[in-house]
Amino acid sequence: MDRMRVRNFINGQWVEEAGGSYVPLFNPSTGEQIGEVPLSSAKTSEAAIESAASAYHRWRRLPLGRRMKFLFDMRKAMEERLEDLAVGIAIDQAKHISEARGEVQRVIQIIETACSIPTLIQGETLESIGENIVGRVVKQPLGVFAGVAPFNFPALVFGWFIPFAIGVGNTFIFKPSTQSPLFMQKMGDIFNAIGLPPGVVNIIHGNRSIPDSWYNNPNISGICLVGSTPTAKKMAEAAGRGGKRSMLLGGAKNYLVVMEDVQLDIFIENFLGSCYGSAGQRCLAGSVVAIVPEVYDKVVDAMITASKKITYGDALDPSVYMGPVISADAKAKIHRYIEIGIQKGAKLVLDGRNPILPEKNQNGYFVAPTIFTEVTPCMTIAREEIFGPVVSVIRIKDMEDALSLIRQQEFGNGACIFTQNLYYTERFIAEADVGMVGVNIGVPAPHPYLPFGGIKGSHLGTTKVQGKDGIDFFTQNKIATLRFAPPSGQFVAEEGPAKPKSPAEPKAVRSCTAG
């Protein structure tokens with residue numbers, strides 16, 4: 001494969017970074033370098049900001065129906081190019097092709113939800129605040145927003161940010177991960193194909209110096225991130241100092257709680273998808289399985305048996321279940337966590353290091369399913385986000401024990417319970433200290449018309465992504481108070497004697513039967 005040079009997309013044009021440095025882009029399934037990605041300069045970042053700021057005033061004045069037409073056209077173009085978009089994700093991000101297709105399809109659904117902005121953005125009116133006084137709330141865009149995407153969901157994070165931001169009238173600067181830029185390269189072509197006005201969406205590649213250029217720029221109104229919690233905290237501080245609105249999604253450590261009345265076949269199917277889907281590289285991946293004593297041995301045996309059957313290989317191979325992790329560094333980090341687990345006394349019952357691979361994938365970044373038992377809640381592998389297909393199994397006493405462990409976590413993204421008991425279900429929904437709860441499902445990701453986001457260390461900010469929260473974050477409320485009077489400027493008295501009529505004044509017709 002010829003190596004490609006990734007370009008920036010500024011003011012509707014593909015722009016090659018001049019004179020800057022580049023980092024290699026790899027195919028994680030093979031370890032082959034497939035391209036290079038620019039580390040854009042401060043000058044390039046400023047050009048993207050100027051483009052978005054210049055486009056904003058024209059774009060926000062465009063009639064709402066015409067902005068929606070662009071979203072409809074974007075949706076149609078993505079649907080027509082779904083396979084091409086999915087292949088791009090499978091190549092550089094190495095998400096298995098079936099999951100890559102699902103990610104693009106979910107973004108299409110999010111855009112469909114964003115097409116309901118004309119209903120969701122409607123304001124409010126309060127009559128009769130006082131005599132001839134009305135109050136009104138109007139939702140308006142703010143200006144230029146900028147967002148940073150992680151490597152693991154290059155399409156989904158685009159969907160969370162851009163359709164809602166531009167749909168309500170803002171413009172946007174998007175920084176993809178340097179490890180998975182191909183999806184946005186293809187989206188830039190779609191923007192031009194549908195005739196999206198230049199500057200409405202700009203794409204810039206680079207390292208942390210790019211968001212550093214946003215915090216104090218007066219043209220930037222708000223900043224978005226999906227990434228790690230340490231990065232989210234740093235961006236929250238910098239955005240606060242710069243007076244920017246921020247929506248920052250951080251890390252996670254998600255529990256799957258298994259009660260004594262679990263339907264084992266349902267749990268195993270969902271456990272596999274939750275813990276090994278996307279090779280465990282997602283913020284809603286199950287990473288701790290907490291099991292009550294009554295079914296502990298049976299469930300662990302079933303987990304190990306099913307995990308041994310997981311097939312792994314090239315992300316474009318439809319016959320395998322799981323692709324690689326994103327990089328050699330990510331693989332090495334996961335291996336370090338496995339060593340830490342062993343050193344701290346956890347029992348490694350399934351070792352995913354050094355899996356057997358086809359010859360073409362020998363240099364790929366693969367970690368097979370890995371399971372630890374005899375894990376205690378204070379162990380590093382039970383507390384920290386590993387971001388790989390590594391599962392820690394904890395023996396719990398009961399529901400109260402599970403809720404206590406979840407409550408003690410730094411993170412609060414998601415948690416799931418597997419039970420048929422209504423009491424367990426309702427109590428878990430009410431008391432699990434997380435932002436997203438699942439019952440008899442392994443990945444509690446809300447559908448596009450509902451908000452998505454955690455609490456505690458998993459989410460910094462007051463609004464979440466997608467749904468009505470997406471509208472709220474990308475708009476500001478303007479309050480108008482109106483006093484009105486008749487054209488004469490005289491207020492009509494509510495009570496009092498009627499004004500005598502002039503003899504020449506014509507008789508008013510008050511009904512269709514008047515003579």
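Arg-5 lies over the face of Tyr-22, 4.0 Å from the ring centre. A charge sits over a ring if NZ of Lys or CZ of Arg is within 6 Å of the ring centre and within 35 degrees of the ring normal. Lys-95 and Phe-153 give another such contact: the charged end of Lys-95 sits 4.0 Å from the centre of the Phe-153 ring. The model is predicted, so local features need pLDDT of at least 70 and side-chain atom pairs count only at pLDDT 80 or more, while totals for chains, interfaces and linings use all residues. Residues are numbered from 1 along each chain as its sequence is written, and side-chain values use heavy atoms, with hydrogens and water left out.

The structure holds 17 aromatic pairs. Rings of Phe, Tyr and Trp (its six-membered ring) pair if their centres lie within 6.5 Å; planes under 30 degrees apart count as stacked, over 60 as edge-to-face and the rest as tilted. One of the pairs joins Phe-267 and Phe-271. This pair is stacked, at 5.8 Å centre to centre with 20° between the planes. Both residues belong to helix α10 (residues 264-276). Helices (H or I, at least four residues) and strands (E, at least two) are DSSP runs, numbered from the N terminus. Why are Phe-267 and Phe-271 separated by about one helical turn? The reason is that they are four residues apart in α10.

Phe-267 is buried, at 0% relative accessibility. Phe-271 is buried too, with a relative accessible area of 0%. Buried means under 20% relative accessible area, exposed over 50%, and partly exposed in between (1.4 Å probe, protein chains only). Phe-267 has a further ring partner in Phe-418. Their centres are 5.0 Å apart and their planes stand at 80°, so this pair is edge-to-face. Phe-418 lies in strand β19 (residues 414-418), so the pair ties together parts that are 151 residues apart in sequence. Phe-418 counts as buried, at 1% relative accessibility. Elsewhere, ring pairs link Phe-145, Phe-161, Phe-172, Phe-174, Phe-473 and Phe-474 into a cluster.

Helix α10 also packs against helix α11 (residues 296-308). Axes are lines fitted to C-alpha atoms, for helices over the stretch in contact, and angles run from 0 to 180 degrees between N-to-C directions. The angle makes α10 oblique to α11. Angles under 35 degrees count as roughly parallel, over 145 as roughly antiparallel, 65 to 115 as roughly perpendicular and the rest as oblique. The crossing of α10 and α11 is right-handed. A crossing is left-handed if the near helix is turned anticlockwise from the far one by less than a right angle, and right-handed if clockwise.

Helix α2 (residues 64-80) packs with helix α7 (residues 182-193) at an angle of about 125°, and the axes are 10 Å apart. That angle makes α2 oblique to α7. Here too α2 passes α7 in a right-handed crossing. In helix α1 (residues 42-61) lies Ala-55. Ala-55 is buried, with a relative accessible area of 3%. Its C-alpha is 9.2 Å from that of Val-201, although Ala-55 and Val-201 are 146 residues apart in sequence.

The strands come next. Strands of a sheet pair through backbone hydrogen bonds, either parallel or antiparallel. Two strands pair if DSSP finds at least two bridges between them. An open sheet of three strands has the order β6-β7-β23, with antiparallel pairing. β6 (124-130) and β23 (476-483) stand at the edges with a single partner strand each, so one side of each is left without a neighbour in the sheet. Neighbouring strands of this sheet are turned by 20° against each other on average, direction ignored. Eight bridges join strand β7 (residues 133-140) to β23 in the antiparallel sense. Gln-140 has Gln-476 of β23 as its bridge partner.

An open sheet of three strands also has the order β1-β5-β4, with mixed pairing. Its edge strands, β1 (4-5) and β4 (21-27), each pair on one side only. β4 and strand β5 (residues 32-39) run antiparallel and are joined by seven bridges. Asn-27 has Glu-32 of β5 as its bridge partner.

Parallel pairing occurs between strand β13 (residues 254-258) and β14, over five bridges. Val-257 has Ala-290 of β14 as its bridge partner. Strand β14 (residues 286-291) is mostly covered, with six of its six residues buried.
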